[in-house]
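Hi everyone, thanks for coming.

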Amino acid sequence: MGGDTAGGLAVAAYMIPQVMAYASLAGVQPVAGLWAAAPAMAIYAVLGTSRLLSVGPESTTALMTAAAIAPLAGGDPTRYAQLTAALAIVAGTFAILAGLARLGVIADLLSQPILVGYLAGVAIIMIVGQLGKVTGVPVDGDNLYEEMRSFARGLPHAHGPTVALATASLALLFLLAWRVPHLPGPLLVVALATGAVAAANLDAHGLRVVGTIQAALPDWRPPAATDLVRVAPPALSVLFVGFTDTMLTARAFAARHGHTVHPNRELLALGAANIGAGAARGFPVSSSGSRTALAVAGGASTQVYSLVAVSAVIGTLAFLRPALAMFPLATLGALVIFAAIRLIDLRGFRRLASFRRSELHLALLAAAGVLIFDIIYGILIAIGVSLLDLLARVARPHDAVLGQVPGLDGMHDVDDYPNARTVPGLFAYRYDSPLFFANAHNFRHRALASLQRSTGPVEWFILNMEAIVEVDITALDALEDLRAEITRRGIAFGIAHAKLDLLGDLDAYGLTASIGPEMIFPTMRAAVTAHETRHADPPQPPRTDPGTSRSRSA
């Protein structure tokens with residue numbers, strides 16, 4: 001309990017200024033970050049399956065909120081706040097429906113290269129969006145490039161005190177993160193900046209501050225049904241990115257600390273947390289890796305720490321509103337830029353480049369998609385690219401001709417072992433992928449091409465199916481064509497290592513009857529033994545092909 005208390009207080013100290021900055025990024029009042037954080041953390045503490053995950057406002061979902069709501073609100077702050085809350089409620093509703101439908105697998109749709117690139121693109125958009133706050137230059141525009149042009153035109157008129165305070169705040173944030181990472185750096189920086197503003201009366205000299213904070217929640221009316229329909233598409237994007245980030249963070253900490261998270265229950269918990277945030281006039285929430293790490297460092301071991309942090313947030317709203325009102329926007333903007341820079345994973349880019357250039361290209365493409373097509377469409381591009389990359393890999397997988405290696409059991413890829421030797425008269429082939437419509441033709445073509453390159457006489461062709469764990473009707477057609485073509489060449493066709501479920505599919509299609517039970521082997525060793533035994537026995541007349549009439553032209 002002591003560790004949970006200390007961890008919760010540390011998280012609250014770090015979170016309070018942070019979520020206010022994220023609320024500003026989302027385009028709503030800074031205090032809306034606290035309104036969103038309190039119910040979200042309390043609900044997740046009860047419903048979530050992670051003992052350590054910190055749920056609440058986060059930079060990515062905040063930026064997605066701004067991108068989605070700004071075009072719909074028409075410059076009306078009241079309607080903006082209504083639509084933002086509606087976005088959280090709709091995203092939460094979708095999450096609960098997805099959890100009930102057991103769609104937790106959506107967390108796996110974004111590959112690591114796509115996430116690295118996507119977050120880098122988001123970070124750049126976040127930084128550009130804060131340039132006005134940290135310089136005092138009015139910045140407008142409907143997209144990233146218009147905002148950059150607007151900022152460049154106004155830069156000669158930057159407000160000196162604002163620039164100085166933002167620069168000092170950003171430098172101190174990085175210094176504290178470097179030298180004393182366990183201290184609540186954002187709280188210390190905001191406290192110092194607020195004290196400086198109050199002491200020097202800087203708000204009277206053009207330095208913008210948060211301003212008066214209401215004692216109660218603002219007046220809020222449910223949006224019209226047409227508005228709910230309009231926020232539905234971005235709500236799906238917010239949910240997908242928020243849930244993906246939640247699962248990545250939760251799984252990482254669960255693996256380190258010996259517990260398990262359940263994707264479908266996480267969807268339910270995240271959905272309820274978003275509905276709670278929306279009902280409290282907040283905005284969509286997800287998870288925070290930095291706050292989770294801070295809780296662990298503080299000794300937290302259960303979600304009790306989240307309840308402690310919620311108590312601290314409520315106490316802040318009840319007793320410290322005058323101090324919150326003096327938060328300088330320049331420092332809040334510096335907090336967002338600080339978080340954005342930390343989203344750019346330079347080590348991750350280097351890791352991708354050293355592993356495989358195509359992985360780096362995927363990351364760069366994802367970043368470019370976010371920057372060129374805006375964040376909502378960038379998400380769809382990232383998902384599409386990730387799926388296309390997966391399809392490309394399984395459509396053109398590795399294949400192998402198998403042989404025996406002295407001193408090693410089993411059969412192995414002859415390209416991997418220079419001393420491997422194929423079994424005389426037996427051609428063993430392996431295709432390292434499930435078979436489906438996208439690779440069926442490639443499978444048949446490469447199997448025949450490998451057989452064509454064989455230098456010795458071939459009596460048996462044995463397909464090792466240990467990697468073929470799934471098939472569709474197109475793949476079965478290709479497999480039957482391959483069998484028929486090999487049989488026409490006077491070569492016996494057999495299979496080995498087929499899973500029982502796969503054998504059921506082959507039987508339903510009629511392939512097991514075409515192949516014959518005597519040419520279906522549980523292992524490659526059994527196939528080799530049968531082939532060698534055949535050579536020891538008197539030769540048998542060739543077996544006729546019962547499937548010729550059903551096969552198509554090869």
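Let's start with a question: how many bridges join strand β6 to strand β7, and do the two run parallel or antiparallel? There are five bridges between β6 (residues 458–464) and β7 (residues 492–496), and the strands run parallel. Strands here are DSSP runs of E, at least two residues long, and helices are runs of H or I, at least four long, both numbered from the N terminus. Two strands pair if DSSP finds at least two bridges between them.

A quick word on the ground rules. This is a predicted model, where local features need pLDDT of at least 70 and side-chain atom pairs count only at pLDDT 80 or more, while totals for chains, interfaces and linings use all residues. Residues are numbered from 1 along each chain as its sequence is written, and side-chain values use heavy atoms, with hydrogens and water left out.

Now look at β5. With β6, strand β5 runs parallel, over six bridges, and glycine 425 has valine 458 in β6 as its bridge partner. With β3, the pairing is antiparallel, over four bridges, and there aspartate 399 stands opposite tyrosine 431 of β5. Seven of the seven residues of β5 are buried, so the strand is largely enclosed by the rest of the structure. Buried, by the way, means under 20% relative accessible area, exposed means over 50%, and partly exposed is in between, using a 1.4 Å probe and protein chains only.

On to the aromatics. A search of the whole structure finds seven aromatic pairs. Rings of Phe, Tyr and Trp (its six-membered ring) pair if their centres lie within 6.5 Å; planes under 30 degrees apart are stacked, over 60 edge-to-face, and the rest tilted. Tyrosine 431 and phenylalanine 443 have ring centres 5.2 Å apart and planes at 70°, so that pair is edge-to-face. Tyrosine 431 sits in β5 (residues 425–431) and phenylalanine 443 in α18 (residues 440–452), 12 residues apart. Tyrosine 431 is buried, at 0% relative accessible area, and phenylalanine 443 is buried at 0% too.

Another edge-to-face pair is phenylalanine 436 with phenylalanine 437, at 5.3 Å between centres and 85° between planes. Which one is buried and which exposed? Phenylalanine 436 is buried at 18%, while phenylalanine 437 is exposed at 56%. Ring pairs also link Phe427, Tyr429, Phe461 and Phe493 into a cluster.

Last stop, the cores. The largest nonpolar core has 96 residues, and Phe243 is among those with the most contacts inside it. Such a core is a set of buried Ala, Val, Leu, Ile, Met, Phe, Trp, Tyr and Cys residues joined through side-chain atoms within 4.5 Å. Apart from that one lies another core, of 43 residues, including Val458 and Phe521. That's my tour, thanks!
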